[in-house]
Amino acid sequence: MKIDDLFSVRGKLVVITGGSRGIGEMIARAYVENGARVIITARNAAVCDGLAAELSKIGECVSIPADLSRMDEIERFAAAVAARESKVDVLFNNAGASWGAPFDDFPESGWDKVMDLNVKSIFFLTQKLVKLLEAAGSADDNARVINIGSIDGQHVSDLETYSYAASKAGVLHMTKMMAKFLAGRHIAVNAIAPGFFPSKMTAAIPADFSAAMQQETPMKRWGNADDMGGVALFLGSRASGFLCGSVVTVDGGYATTV
């Protein structure tokens, strides 16, 4: 029951999609700084490689760039991980995109792009890495899959981001489905539903809406790297050993007020 045992991620092999910036970067830093071996992937190779080089100064971080909205790239990335590693202890399915447009003008491209990356890629990347996850898991300490959803999958947003909201609701329910059927293979699947964290995606939210969101948040602030890193480390450690199909909402209380 010692903290060093319960919360340790030292030596674990951790894969983080969308790991080059935003929430993915926060998670990658937390794991590298705490002794995990980390593989990050993102579509922008230069940014992904740059962060991996930076984090490698304090620990072990490898960049394998890929566009996970495409099935051939999912397969290529999974094969590259399998060529390097014999097991995956923790998989963070974080890569995501958003699209906003009025109902009458919302395009098919804005639907397909978001659904392919936010939902389809989570399912099929986990499927392609399941053997490596099984190799890491045991009855005493399951491998972990942690899907990044959003509070927009839990409440109705004031922003017209139809495919994003639908995709994140889908992620949260898919998490429960995956949890039910993978638990017997010693793989625990859970999700994080973040509120507002600074990122390239949230930077596109209008300033007046962002200010109103902050005022409506009981804690009166946005999330930061410590907030996300702490939850991410907990979900990848033995301390979360009996969580299965759970959604941890990390939003400063915002979703409880709207």
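This is a predicted model: local features need pLDDT of at least 70, side-chain atom pairs count only at pLDDT 80 or more; totals for chains, interfaces and linings use all residues.
Helix α4 spans residues 71-84, and helix α5 spans residues 108-136. Their axes lie 10 Å apart. The angle between α4 and α5 is about 30 degrees. Angles under 35 degrees count as roughly parallel, and α4 and α5 are therefore roughly parallel to each other. The crossing of α4 with α5 is right-handed. On the α4 side, the contact is made by M71, I74, E75, F77, A78, V81 and A82. Helix α5 contributes K120, S121, F124, L125, K128, L129 and L132. By class, this contact has 10 nonpolar residues. One polar residue and three charged residues complete the contact of α4 with α5.

Helices α2 and α3 form another pair. Helix α2 covers residues 22-33, and helix α3 covers residues 45-55. Their axes come within 11 Å. They cross at roughly 25 degrees. Helices α2 and α3 are therefore roughly parallel to each other. Their crossing is right-handed. From α2, the residues E25, A28, R29 and V32 take part. They meet L51, E54 and L55 in α3. Four residues of the contact of α2 with α3 are nonpolar, and three are charged. No polar residue takes part in the contact of α2 with α3.

Residue T161 sits in a loop. The loop runs between strand β5 (143-148) and helix α6 (162-182). The relative accessible area of T161 is 11%. Buried means under 20%, so T161 is buried. Neighbours within four places in sequence are left aside here. Beyond them, T161 is in contact with S98, W99, G100 and D152.

A disulfide requires two cysteine sulfur atoms within 2.5 Å. For C48, the closest cysteine sulfur is that of C61. The two sulfurs are 7.5 Å apart, so they are too far from each other for a bond. Residue C48 has 0% relative accessibility and therefore counts as buried. Residue C244, in contrast, is partly exposed. Its relative accessible area is 41%, which falls between the 20% limit for buried and the 50% limit for exposed.

Terms used:
Residues are numbered from 1 along each chain as its sequence is written. Side-chain values use heavy atoms; hydrogens and water are left out. Buried means under 20% relative accessible area, exposed over 50%, partly exposed in between (1.4 Å probe, protein chains only). Axes are lines fitted to C-alpha atoms, for helices over the stretch in contact, and angles run from 0 to 180 degrees between N-to-C directions. Helices (H or I, at least four residues) and strands (E, at least two) are DSSP runs, numbered from the N terminus. Angles under 35 degrees count as roughly parallel, over 145 as roughly antiparallel, 65 to 115 as roughly perpendicular and the rest as oblique. A crossing is left-handed if the near helix is turned anticlockwise from the far one by less than a right angle, and right-handed if clockwise. Contact means heavy atoms within 4.5 Å. Ala, Val, Leu, Ile, Met, Phe, Trp, Tyr, Cys and Pro count as nonpolar, Asp, Glu, Lys and Arg as charged, and the others, Gly among them, as polar.
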